[in-house]
Amino acid sequence: MIESKKVRDAMVDVFGFPHIPHWFTIKQAMGIIKKSFVEAEKCVFPQVVLVFDEKYNLMGTFTPRDIIKGLEPKLKHVTIKDAEIAYINENALASFEANLFSSQSKELAGKPVSEIMIPAKTFVLPEDTVLKAAFLMVHNNLVVLPVLENKKLVGVVRMLEAFDEISNIVLE
Amino acid sequence: MEKLINREDSQKLYVQLFNILRGKIEAGEWIVDSQIPTEEELCKVYDISKATVRLAIADLARQGYLKRQQGKGTFVCKRIIPEGISMLTSFKENMLEAGVQFSTKVLAQTSVMPIDDIDIKLNIPEDKHIIYIKRLRLVDEDPVLLQETYIPHQICPPLLEDDLENNSIHELLEKKYGIKITRVQGYISTIYLNNDEGMLLGLQEGSCALLLEQYFYSGDSQITYTRSVKRSDRFRFFIELERK
């Protein structure tokens, strides 16, 4: 059996990422992302925001990409056909672009972030292996995986840590 | 002629900038409701760092000269002149009924990033985490006071886990964590309740209430900003002056 590093030794501090409560609006979240990642020019990877409830329990996460998707209903249901038209036909692309992020997006920005976040349903414990964390992250398409101890968030594992551990094993 | 920062002066740079900007407001050069230059513009004009500009603006906001609107900029306020009570020795707030017992409901005890002008009120960078505590205080099941407290996370991280239903935040800071409060600035005003405040205090939206804003310091460091909305029919303030 392959010996893998424990999550405890690979996880990173949650305070490296912005925290917001679930009742903040998407608009407020956009301001926070700008301050935390854009204006601060911080190289934080991944650029993820953690969403908490009133008792500081993690509810979910979101990235700038989730916000953009949440602001434009068309992006939720872009079909291959839409994409092909946009790619092939310049006129269709222009009309598609003209209707993107319209006044409806401003209305949607007033919604709470709980509506666009990715709910936190998958966790690991500090004593779990990084391999298990890597599997869960890839299987569930997650950018970070929360680490819980006594039901409290104590850290997160990023894909970078998971990749590092796997590459150590494979390249050994 | 534009007054500039004097680097030979022993006065701190942000204090010099504070005085320059305050002068512009008091002289009417920057009129009420006008937008002041951005932090970047002020950095260029006075050849100082963004941190220095932020400190000066934070102090001007705290003293009621400026207000910051998220996404819009910083504006000159119609200033409410504080009463100069230099002999103040005692200030208490009392319930109108004597000897009543409060109970407390913790509505939120979580971590947030600063929004609106909270970073200025706490004198911290915009991207720093804050512990946010929202409590409703009740007398005989009647809500009388809604209190929101903001504390820079690095001041006292364990506060996120403490029992705040049965403990005072400032007592915990002093007795459990050894953070001695040395100064408190308070501002009392009246406000109209918003929908959330009205609902929680059992009053209609738009009802009048008392607002007590308090800035707590430990030495030179600001440790908390507290916003207490009180039912005006249940509280009174008591000020005692004693000539020394």
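Colleague: Which residues of α1(B) are buried?
Modeller: Helices are DSSP runs of H or I with at least four residues, strands are runs of E with at least two, and both are numbered from the N terminus. A residue is buried if 20 or more other C-beta atoms, placed from the backbone, lie within 10 Å of its own, exposed if 12 or fewer do, and partly exposed in between. By that count, the buried residues in α1(B) are Leu13(B), Tyr14(B), Gln16(B), Leu17(B), Phe18(B) and Leu21(B).

Colleague: Thanks! Where do these coordinates come from, and how do I read the names?
Modeller: This is a predicted model, in which local features need pLDDT of at least 70 and side-chain atom pairs count only at pLDDT 80 or more, while totals for chains, interfaces and linings use all residues. Residues are numbered from 1 along each chain as its sequence is written, and chains are lettered from A and ligands numbered from 1 in the order in which they are written.

Colleague: What do the buried residues of α1(B) pack against?
Modeller: Contact here means that the C-beta atoms of two residues, placed from the backbone, lie within 7 Å. On that basis, the partners of the buried residues of α1(B) are α2 (39–46) and α3 (50–62) of chain B.

Colleague: How far apart are the end C-alpha atoms of helix α1 of chain B?
Modeller: The expected span of a helix is 1.5 Å times one less than its number of residues. Helix α1 (residues 13–26) of chain B has 14 residues, so it should span 20 Å. The end C-alpha atoms agree with this, being apart by 20 Å.

Colleague: How many bridges join β8(B) to strand β9 of chain B?
Modeller: Two strands pair if DSSP finds at least two bridges between them. Strand β8 (residues 208–218) of chain B pairs in the antiparallel sense with strand β7 (residues 183–192) of chain B, and Tyr192(B) stands opposite Cys208(B). On β9 (residues 221–231), Tyr225(B) stands opposite Tyr215(B). These strands, β8(B) and β9(B), run antiparallel, and the number of bridges joining them is 10.

Colleague: Which residue takes a positive phi in the hairpin of β8(B) and β9(B)?
Modeller: This hairpin has 2 residues between the strands. The phi in question is near 65°, and it belongs to Gly219(B).

Colleague: Is Lys151(A) buried or exposed?
Modeller: Lys151(A) is found in the loop between β5 (144–149) and β6 (152–158) of chain A. Its phi is positive, about 70°, although it is not a glycine. Because Lys151(A) has 7 other C-beta atoms within 10 Å, it counts as exposed.

Colleague: And how many C-beta neighbours does Tyr56(A) have inside 10 Å?
Modeller: Tyr56(A) lies in the loop between β2 and β3 of chain A, and has a positive phi of about 60°. Tyr56(A) counts as partly exposed because its number of C-beta neighbours inside 10 Å is 18.
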